[in-house]
Amino acid sequence: MSALQSQVIARVEQCITHANQRLNKRLPMPTVSFRQRGKIAGSARLQGWEVRFNPVLLEENPQTFLDEVVPHEVAHLVTFKLFGKVRPHGREWQIIMTEVFRIPARTTHSFDVSSVQGTTYLYRCGCSEHQLTVRRHNKVQRKQATYHCRRCQQPLQAV
């Protein structure tokens, strides 16, 4: 485990402790792993009480991870314990972010993902070109899915 990963674990513990104090709860420390892949910075496994972080994006953006990504994912767990299953970035989660952690409730990161972006495939619709991931491309090829342009609503066609 790297020193940076140890810092993330300490930050998760700090966030849980802070939430427990602010909310007068006894939430346990979640499992922390560094197995998140792709362009996603982190994720929360609600029923498993686990947070996962992307080790590549962590190495490239350490301070933002500690300041924003860790509290963001912990807020999902706290929201689940308090409110049950709700919209992932809904009103309840936003309240935890802003009132408990005092952090703006941003739903996406703005990291450069070029180092973790996989192969993409070019598709076209009536108005523009689109890059589909390997997973989506394969679903189209196996006739398991059809994707449509959000602007013109036409189905995307492989180039």
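The model is predicted, and local features are reported at pLDDT of at least 70, side-chain atom pairs only at pLDDT 80 or more, while totals for chains, interfaces and linings use all residues. Residues are numbered from 1 along each chain as its sequence is written, and side-chain values use heavy atoms, with hydrogens and water left out.

The chain holds five helices and six strands, taken as DSSP runs (H or I of at least four residues for helices, E of at least two for strands) and numbered from the N terminus. Their order along the sequence is α-β-β-β-α-α-α-β-β-α-β. The C-alpha trace spans about 55 × 35 × 25 Å along its principal axes. Of the 159 residues, 39% are buried, where buried means under 20% relative accessible area, exposed over 50% and partly exposed in between, with a 1.4 Å probe and protein chains only. Among contacts (heavy atoms within 4.5 Å) with a separation of 6 or more, 47% come from residues 24 or more positions apart.

Helix H3 deserves a friendly look of its own. With 22 residues, H3 reaches 30 Å from its first C-alpha to its last, close to the 32 Å expected at 1.5 Å a residue; the expected span is 1.5 Å times one less than the number of residues. H3 also bends by about 30° at Glu68, with Pro71 following within four residues. The bend is the angle between axes fitted to the seven residues ending at a position and the seven starting there. After H3 comes Gly84, which has a positive phi near 80°.

Turning to the rings, those of Phe, Tyr and Trp (its six-membered ring) count as a pair if their centres lie within 6.5 Å, with planes under 30 degrees apart called stacked, over 60 edge-to-face and the rest tilted. Phe65 and Phe111 make a stacked pair, 5.8 Å centre to centre with 10° between the planes. Here too distant parts are linked: Phe65 belongs to helix H3 (residues 62-83) and Phe111 to the loop between helix H4 (91-100) and strand E4 (120-124), 46 residues apart. Phe65 is buried at a relative accessible area of 0%, and Phe111 is buried at 11%. Ring pairs join Phe34, Phe53, Phe65 and Phe111 into a cluster.

Phe34 counts as buried because its relative accessible area is 13%. Leaving aside residues up to four places away in sequence, Phe34 touches Gln5, Val8, Ile9, Phe53, Pro55 and Leu58. Ser33, in strand E1, is buried with a relative accessible area of 10%.

Finally, Lys81 lies over the face of Trp49, 4.9 Å from the ring centre; the criterion is NZ of Lys or CZ of Arg within 6 Å of the ring centre and within 35 degrees of the ring normal.
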